[in-house]
Amino acid sequence: MSWITKVRNSLGSLGKRDTPDNLWTKCPSCAEMVFTQAWEDNLSVCPRCGHHGRVGAQARFAQVLDPGYTVLPAVTVPENPLNFRDSKKYSDRLKAARAANPFPDALTAAEGAIDGHAAIVAVQDFAFMGGSMGMAVGEAFVRAAERAVERKCAFVMFTAAGGARMQEGILSLMQMPKTTVALRRLSRAGLPYIVVLTDPTTGGVTASYAMLGDVHLAEPGALIGFAGQRVIRDTIREKLPNGFQRAEYLREHGMVDQVVPRSELRATLARLLDYLTRKDVA
């Protein structure tokens with residue numbers, strides 16, 4: 001037996017150290033490997049290229065709301081109302097999504113304050129079936145808007161969705177007018193509705209409550225649109241401009257009011273709420 005084999009065998013007898021599987025996070029944009037703790041400390045923004053990673057409802061609430069906020073109760077809607085099945089039952093897909101996420105559907109709302117300004121904040125989580133808009137999302141949105149009316153406070157919506165949930169068919173599309181009516185009630189009450197467009201916001205969500213805000217903010221680089229770029233390009237048979245459907249492009253063309261880095265988002269929202277809810281303005 002050679003000496004190197006003896007050394008290898010002796011080292012092997014010491015046992016392997018346990019190394020966390022999630023020690024590193026790979027940036028989807030620049031492929032830089034970042035310590036997960038550093039990634040989270042930087043609000044899930046790449047310190048090298050500034051790419052804004054997707055975050056869930058829990059992280060978003062912690063980033064934006066003052067301590068002591070309360071998550072609104074989950075809504076109850078019929079599950080698999082169309083008895084839909086593709087390669088799996090829709091009910092099984094829901095169970096799998098709920099097992100992998102902290103909340104029972106793609107939209108979760110909380111009531112609290114942003115730098116002392118009362119607000120209802122709702123967040124769509126792309127990790128839950130692509131943030132798709134189904135009956136539960138529509139009902140949760142309406143409940144959040146109604147709670148804002150009850151509390152006489154602003155409603156802040158963070159959107160992130162691939163569109164309507166295909167497994168619910170026409171019932172998912174019915175959430176578009178449903179949420180629009182809820183926003184009409186909010187407007188009649190004289191309460192502000194602020195939308196923060198995050199990556200990605202597409203489909204029926206863009207065609208309804210994502211573009212009905214009094215103010216539209218967007219995170220840098222967020223994909224925002226209705227149809228996909230390939231569909232648009234093949235339909236109009238034209239080359240699309242650079243940055244098409246990105247937050248900065250929409251800002252230049254008047255569809256977004258401001259592109260705000262995540263580190264500045266809480267302060268920006270607080271400033272807007274101060275402007276929009278001041279009682280001493282005639």
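Colleague: Which side chain of opposite charge is nearest to Asp125, and how far away is it?

Modeller: That is Arg54, 8.6 Å away. The model is a predicted one. A salt bridge needs a side-chain nitrogen within 4 Å of a carboxyl oxygen, so Asp125 is said to have no salt bridge. Asp125 is also buried.

Colleague: What does the side chain of Asp125 reach, and at what distance?

Modeller: The side chain reaches the backbone nitrogen of Ala127 at 3.0 Å. The cut-off for a polar contact is 3.5 Å, so this pair is within it. Asp125 sits in the loop between strand S5 (117-124) and helix H5 (135-151). Beyond its neighbours within four places in sequence, Asp125 is in contact with residues including Val55, Asn101 and Gly131.

Colleague: Why is the pair Glu111 and Arg147 called a salt bridge?

Modeller: The closest N and O atoms of Glu111 and Arg147 are 3.1 Å apart. The limit is 4 Å, so the pair counts as a salt bridge. In general, side chains of opposite charge can pair when their charged atoms come close.

Colleague: What makes you say that the pair of Glu111 and Arg147 links distant parts of the chain?

Modeller: Glu111 is in strand S4 (residues 107-114) and Arg147 is in helix H5, 36 residues apart. Glu111 and Arg147 also belong to a network of salt bridges with Glu150 and Arg151.

Colleague: Is Glu111 buried or exposed, and how do you know?

Modeller: Glu111 has 17% relative accessibility. Buried means under 20%, so Glu111 counts as buried.

Colleague: How many salt bridges does a search of the whole structure find?

Modeller: The search finds 16. One of the pairs is Arg93 with Asp86, with the closest N and O atoms 3.0 Å apart. Arg93 counts as partly exposed because its relative accessibility is 26%. Asp86, at 36%, counts as partly exposed too.

Colleague: What makes Leu23 partly exposed?

Modeller: Its relative accessibility is 36%. Leu23 lies in the loop between helix H1 (3-12) and strand S1 (24-26). With Trp24, Met33 and Phe35, Leu23 forms a nonpolar patch on the surface, with about 390 Å² of accessible area together.

Colleague: What is the phi of Asn83, and in what kind of residue is it found?

Modeller: Phi of Asn83 is near 50°, a positive value in a residue other than glycine. Most residues other than glycine have a negative phi, and most peptide bonds are trans. Asn83 is exposed because its relative accessible area is 64%, and the cut-off is over 50%. Gln245 also has a positive phi, of about 70°, but Gln245 is buried, with a relative accessible area of 8%.

Colleague: Which residues does the cis peptide bond join?

Modeller: The bond joins Asp199 and Pro200, with omega about -10°. Pro200 is found in strand S7 (residues 193-201).

Methods: Residues numbered from 1 in each chain as written. Predicted model: local features only at pLDDT ≥ 70, side-chain atom pairs only at ≥ 80, totals over all residues. Heavy atoms only, no water. Patch = residues over 30% accessible without salt bridge, like charges linked within 9 Å, V, L, I, M, F, W, Y side chains within 5 Å. Areas by Shrake-Rupley, 256 points an atom, 1.4 Å probe, with all protein chains shown as cover. Helix = DSSP H or I, 4+ residues; strand = E, 2+ residues; numbered from the N terminus. Buried < 20%, exposed > 50% of the residue type's maximum accessible area, 1.4 Å probe, protein only. Lys, Arg positive; Asp, Glu negative; His and termini not counted. Polar contact = N/O pair within 3.5 Å; in protein donor to acceptor, adjacent residues only side chain to side chain. Contact = heavy atoms within 4.5 Å.
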